[in-house]
Amino acid sequence: MRIVVLTGAGISAESGVPTFRDAGGLWEGHQVEDVATPEAFAAQPHVVHSFYDARRAALRDVAPNDAHRALARLEAAVGDDLLVVTQNVDDLHERSGSRRVVHMHGELRAARCLACGVRQPWLDPLSHLPPCPRCGAAALRPDVVWFGEVPYDMDRIEEALGEADLFVSIGTSGAVYPAAGSVRLAAAYGARTLELNLEPSVGSSMFDEARQGPATRLVPAWVAEVLSGP
Ligand code: BV8
């Protein structure tokens, strides 16, 4: 059975990573327009850099939770039959042992050079405008996908959705496209669809089944079901 899982901020919430839209979430600290758009970066690069520098540094204080670990267990059991597509820019899927992870909105622990275009792992701050290791230009930006920018790996994601027997959405409000359109695409190609979320998302009604609860309870239970199934 081929499974595609889409995760959002809700899967990292119990690890202590703030979500975007719940009370006290990241967007509350900053207006979306202030930090997650190329226009904001062009107008006030230091505000945007400090927003991402703070989130990159905060990764050192968080750890994967039982939901991330359950997905890594599932991948260990089914291998290439599972693909995790994440909207998250944290590295908790990788740190829990998942190998097959697509970061459609990029990663905090990477930088992209606006001069030579190279994308590279990056763990340090960017706000002091360090030189690009490849070309030397002081032109590095966070390697995340902002509003109005094209998400990464859309071809691979759409191909996987087209071949999926089961699509599971975990911890996302379904507010942002094209990620939020994944359930419709998967269903159109005949996949069964399941939502695991703290509360019904915007698109809950598009799923064959929607379960509510914390990811650290719902995801291990669902993985146990899959691993004990036929
Ligand atoms: C694009 C990276 C063209 C950066 C992010 C008008 C209508 C429709 C669409 C648009 C429109 N105007 C513009 C658009 C397009 C726009 C968009 O969708 N805007 C929205 C706001 C209307 N999209 C874009 O610009 C995208 N690009 O469209 O390009 C294109 C498209 C396709 C092909 C070619 C060209 C790019 C969007 C990417 C933006 N970057 N992040 C960063 O991280 O700073 S978005 C960011 O918010 C996340 O990555 C995620 O995608 C998104 C939503 O966040 P969630 O992960 O869902 O988190 P949220 O807080 O919202 O929800 C958390 C959920 O978890 C909740 O439901 C909660 O109940 C639940 N939860 C909480 N705790 C738990 C839990 N669940 C379980 N357990 C818990 N413990």
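Trainee: Let's start with serine 182: what makes this residue buried or exposed?

Mentor: Buried means under 20% relative accessible area, exposed over 50%, partly exposed in between, with a 1.4 Å probe and protein chains only. Serine 182 has 6%, so it's buried. Bear in mind that this is a predicted model: local features need pLDDT of at least 70, side-chain atom pairs count only at pLDDT 80 or more, and totals for chains, interfaces and linings use all residues. Residues are numbered from 1 along each chain as its sequence is written, and side-chain values use heavy atoms, leaving out hydrogens and water.

Trainee: Where is serine 182, and which residues is it in contact with?

Mentor: Its place is in helix α9 (residues 182-188); helices here are DSSP runs of H or I, at least four residues, strands are runs of E, at least two, and both are numbered from the N terminus. Contact means heavy atoms within 4.5 Å. Leaving aside neighbours within four places in sequence, serine 182 is in contact with Leu6, Leu161 and Phe167.

Trainee: How do you know that β2 and β3 pair?

Mentor: Two strands pair if DSSP finds at least two bridges between them. Strand β2 (residues 82-86) is joined to β3 by three bridges, and the two run parallel. Valine 84 stands opposite valine 101 in β3.

Trainee: And what makes β3 an edge strand?

Mentor: The open sheet has six strands in the order β3-β2-β1-β7-β8-β9, with parallel pairing. β3 (101-103) and β9 (209-212) each pair on one side only, which leaves them as the edge strands.

Trainee: What is called a nonpolar core, and how many residues has the largest?

Mentor: A core is a set of buried Ala, Val, Leu, Ile, Met, Phe, Trp, Tyr and Cys residues joined through side-chain atoms within 4.5 Å. The largest has 21 residues, and Trp222 is one of those with the most contacts inside it. Helix α10 gives the largest share, six residues. Tryptophan 222 touches Ile3, Val5 and Leu71, among others, not counting residues up to four places away in sequence.
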